[in-house]
Amino acid sequence: MASTDLRAEFLALSAALTGFSVFRLEGTGQTDAYLTTIGDIVGEATVDALVSVHRGLVDATGGDEAELQRGLRRELLSDAKLGPVARNLVKLWYVGTWYELPAAWRDTFGPSLRDRTFVVSPEAYTEGLLWPAVGANPAGAKPFGYGMWAKPPRIDTV
Amino acid sequence: MTEERNDRFEVSPEAASSIAYDVAVVGSGVSGALIAKELSGRGLRVLVIEAGPSHDLTVAEYETSLRRFYGAASKDNNAPYAANANAPMPRSTDTTKLRPGEPNADGYLVQLGPLELDSTYTRVLGGTSRHWEGKALRMLPDDFALRSRFGRAADWPLGYDDLEPYYRRAEFELGVAGEVEEQDFAGLRFAPDYVYPMHGMPRSHLDRVIADDLDGLEVARDGETFALSVRGTPQARNGVPNAAYDGGRGYRPVGAVSLHQAELGERCQGNTNCTPICPVQAKYDARRTLFQALGTGRVDLLTQAVASEVHVDPASGRVTAIDYQAYADPASAEHVTGTVRADVFVLAGNAVENARLMLASGLTGSSGLVGRNLMDHAYLLTWALMPEPVGALRGPLCTSGIEDLRTGAFRRQHAAFRFGIHNDGWGWATGSPYGDLEELVDRRNTFGPALRRALVQQISRQVLMAGMIEVLPDESNRVTVDPRYRDRLGNPRPVVSFGVPPYTLEAAAFARRLSRRLYQRLGAEDHTAYHPAEPGWVSYQGEGYVLRGGNHWAGTHVMGTSPRASVVDADQRSWDHPNLFLAGAGSMASIGTSNTTLTLAALCLRSADTIAKDLETAAAPVTATAGGAGA
Amino acid sequence: MSLHPITDVAGLHRHLEAAIQLEHATIPPYLTALYSIRPGTNSAALQVLRAVAVEEMLHLTLSANILNAVGGSPDLTVPGFVPAFPAYLPDGETDFEVGLRRFSTEAIDTFLKIERPAPADGESIRTVERPPRPTMLGAGKVADDSEEHFYSIGEFYRAIEDGLIRLEAEHGPELFAGDPRRQITPEFYYSGGGEIIPVTDLTSARAAIRLIAEQGEGDGGAIFDYEDEIAHYYRFQQLVLGRYYQAGDVAGSPSGLPVDVDWGAVYPIKTNARVSDYPEGSELRRAAEAFNRDYAGFLALLTGAFQGEPARLNDAMGDMFRLKDLAGQLMRQPLDAAGMEHAAPTFEV
Ligand SMILES: Cc1cc2nc3c(=O)[nH]c(=O)nc-3n(C[C@H](O)[C@H](O)[C@H](O)COP(=O)(O)OP(=O)(O)OC[C@H]3O[C@@H](n4cnc5c(N)ncnc54)[C@H](O)[C@@H]3O)c2cc1C
Ligand code: SF4
């Protein structure tokens, strides 16, 4: 397990980026796997930078959601280095797949051997949050039971 | 890794070569397994030769396949099954856009075109049924008489009514869930009081929403008017047993295959993954039948053995032996060659592999038709967003379809087709939901709660209607072999030429126009788009379409009434080689608008009766063959 | 012979209500152990626990069918129906506690005690009477100050069977005057774990009891039942002994394929967790409460299904799938910074 602080901050950042609560993220059981994956590929320093930008924004915006979102766009998502990594983090939580970073990123910040498109683990796939987000089940796992498809979907409103 | 044999029913290559079998069957798919079960049930000694490993007779092994699928970045049809260079299989991901005159030999199939086919099959225990979807449609009475009714193709040497009792038996063996009352279209006839073994799969929410607006829509074609309706699709997955089945005796669904106790394989739970692998074994696959066959104690299974040559006695034409290459390790080309002897031989390797093996053995048939008349369904996919979330990506892949245009006078002019309504969203057409996620995150710059909301709008509203279009037999569509293209064991690979005529394209154009009208009526946003750069792109009367493979390889050893115009007779017996049966969809004289498996199962049950009669065995007593209602 | 044989219909109802409660009481412990296994590991254990849990559901449904057949009315929503864990079950020669704990040798030990076989003679019904305990399931209550305990679940069902035979001799077929539309039939219930038997007379009632008893502990110590299905007791034992049983084996010496168990591949969930263990106002606490609410909803659906709307059973099954997912989410929540202990569903209903 990563240092407690880093882990908690990683979860907080992930929650802001994915729109899922820390509880729901932890509920996938993938926190440590994703923290390790991303650290292995882009380096610990970049992970630190990601979480500290978020921490700074949280401190500065004092609970104002809209301001926090704005800050994330300005300082994280549009950052040449951090933006693509943040977007990859979102996709990781949603489908359990690490996507190879854009060529421009690799050229500028240095390629990593592990940076190719892959599914982190079988569980990372089945625990993907895309499916619960749309009231579905990942194909081949977590079924709803016989005939449940005959009912309208249950989709949590956010 | 060297694979261990299960000595309860698996034989070593040495043992297999030393035993004189009544029947040797190549292939453990639906075709081979059904024939093995039927014949062993009647006391005959059977050898099943399977090119793939004996994996997946335990739940734990099955789960390995499932986890391979979970962990695969590409979740194509063959993603759950380990690549095996000794018994290679086609993957849809190998299909690329062809340039004129340049074959694509990247995958196992060598594709010559002109149409690129992304159809696949699987060479593992249980064959392609491992990743089939399970639609179990009967062919229509008209489909057996295309020449006499519509002046097209050739009539079958048998009619619907000849095959009907075997359809019933096939529905029992495969465990089909459906409602007879819903199948009252296009002259489809059932035996009086017949019901399917299980009640139909509940219709999806999407089906109902669509039916609300589409039912009753009238379509005029060639002087006839067709009133469309959304109907449940009969399918081979476990549902609610019908108490009225078999004269009120009911039906007991068959569960998971396992060498030790496993209470799995119950009702379909809606895993939405029938293709490529059902995690709970609710969907029928041929391992079930094979397992029952092995249970007779009269079936030997020789796995990791690739049939490589059929030997024929030139004088009598009879098959004397089949050679096979047995390998101990799928990771190595090392193998020994053995020979099996039997009174009767059955090739059940599927339409492509049967033809490939015959041609590799130099057996082109006196008609010259072995490998020719290759058929498959052409799929025209159309996709749209419904006005409201309808809960895409839930339930079996399809629970309903539109069947009303499967026959009519228009078949003189153009092909028939059906629409399958897909519960699994746009995945087949666009790579959704992954592509949607990438679009929203990487290009539309959405994140946080807004991303969740956007995903709901983009994914849960998806509907895909797949038009499955008939392709008639055509001698220039074919499987051949070419010594330049071989697999790792040295066996020639299948070389495929395939194209579709205007007869099919006219139906594609019509289906596309109709789909536009359907979406207009539903108030759905039509997102269908076809690009010239895609494999399967065809242009017809100024408009472009993309046709996808239907995975229903058929016709390479068509049946008929004469040795000059067909490869096998109505019993699937080779005209040239009286003790050789070519079993499976390759025998189909045409394929109508039904997925092929139920029909090939019916044909194989019929052939089993013939083979048993041939061998007139006085051996073991006749044990019940578990006939269904009135079978 | 039981100390308190069933001599009237009220007694029969009481015993059958107890049977339903008892069958249910095993489900939270089995599910807790089952869901605590890390996904992708322990395939064999997963199959065993899953099969047993599924069969307990079948047994519960069969008991409800019998109760409905003799004019009773199953109700899984009465206060106290779900025991507070750890609980004592009314079987076993000596008391033992059944708790909600992770998949472990301790858990399997308890499960073996729950499912332990009845004696082979098929005749005797051994019971002991003990003063009641506060956390005891109300099932065995025979008097205010005393409870009857059966040595095994098999003996408990034998007592019910005795009662059915006795009362049927007395009342004739009238004993089975319950509304047949309340029966759960194969149309409404089908699982890999055996077929549901609608109960309309003594013969079908006895068939249902036989199925329960043999699936449970293998009546008379038989490993495989008349349908070649392995009894729960032996299913569990395979995990400890490391091999599958196959036909012809003697108890204690399975000779089938090896069974691999990884006792470490388990979420370290808190034993007998309670909602009050979770910080007030936390999402964890809200989720644990939501689980319990949904679980109560599941029992209400089952009750509805058993009280004349059998079609609701399918919805209840759908609930089970959702509850499983929720349980998984709870079990992945670390309770301390080091992740030494995790949360778990509490089944406080
Ligand atoms: C994605 C997909 C979806 C489908 N969905 C449906 C559907 O919904 N409904 C429907 O009706 N059909 C469907 N099909 C088609 C269906 O799967 C096939 O019709 C059916 O499985 C064919 O059975 P078979 O036994 O004839 O051949 P196969 O299942 O292909 O079996 C052939 C067997 O022979 C073995 N073999 C081959 N060559 C050799 C050799 N030389 N030596 C030894 N063994 C050999 C193979 O390993 C294999 O096990 C689908 C197919 C695919 C790919
Ligand atoms: S929907 Fe799911 S459970 Fe049902 S058959 Fe398909 S994969 Fe299996």
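One definition before we start: a residue is near the ligand if one of its heavy atoms lies within 4 Å of it. Strands here are DSSP runs of at least two residues, numbered from the N terminus. Also, keep in mind that this is a predicted model.

Now, the shell. β8(B) gives the most to the shell around ligand 1, with 3 residues. In total, 37 residues surround ligand 1. Among the closest are S31(B), E50(B) and T597(B). By class, the shell holds 11 nonpolar, 20 polar and 6 charged residues.

Next, polar contacts. N350(B) uses a side-chain N or O atom, 3.0 Å from an oxygen atom of ligand 1. E133(B) uses a backbone N or O atom, 3.0 Å from a nitrogen atom of the ligand. G127(B) places a polar backbone atom 3.4 Å from an oxygen atom of ligand 1. How much of ligand 1 does the protein bury? Taken alone, ligand 1 exposes 1000 Å², and the protein buries 97% of that.

Second topic: strand β13(B), residues 417-422. Is this strand covered or open? Mostly covered: 6 of its 6 residues are buried. Side chains in a regular strand alternate between the two faces of the sheet. In β13(B), F417(B), F419(B) and I421(B) sit on one side, and R418(B), G420(B) and H422(B) on the other, all buried.

And its partners? β12(B) pairs with β13(B) in the antiparallel sense over 4 bridges. There, G401(B) bridges to G420(B). β14(B) also pairs antiparallel with β13(B), over 6 bridges. In that pairing, F419(B) has G467(B) as its bridge partner.

Terms used. Residues are numbered from 1 along each chain as its sequence is written. Chains are lettered from A and ligands numbered from 1 in the order in which they are written. This is a predicted model: local features need pLDDT of at least 70, side-chain atom pairs count only at pLDDT 80 or more; totals for chains, interfaces and linings use all residues. Side-chain values use heavy atoms; hydrogens and water are left out. A polar contact is a pair of N or O atoms within 3.5 Å; within protein, one must be able to donate a hydrogen and the other to accept it, and residues adjacent in sequence count only if both atoms are side-chain atoms. Accessible areas come from the Shrake-Rupley method with a 1.4 Å probe; for residues, only the protein chains shown count as cover. Ala, Val, Leu, Ile, Met, Phe, Trp, Tyr, Cys and Pro count as nonpolar, Asp, Glu, Lys and Arg as charged, and the others, Gly among them, as polar. Buried means under 20% relative accessible area, exposed over 50%, partly exposed in between (1.4 Å probe, protein chains only). Two strands pair if DSSP finds at least two bridges between them.
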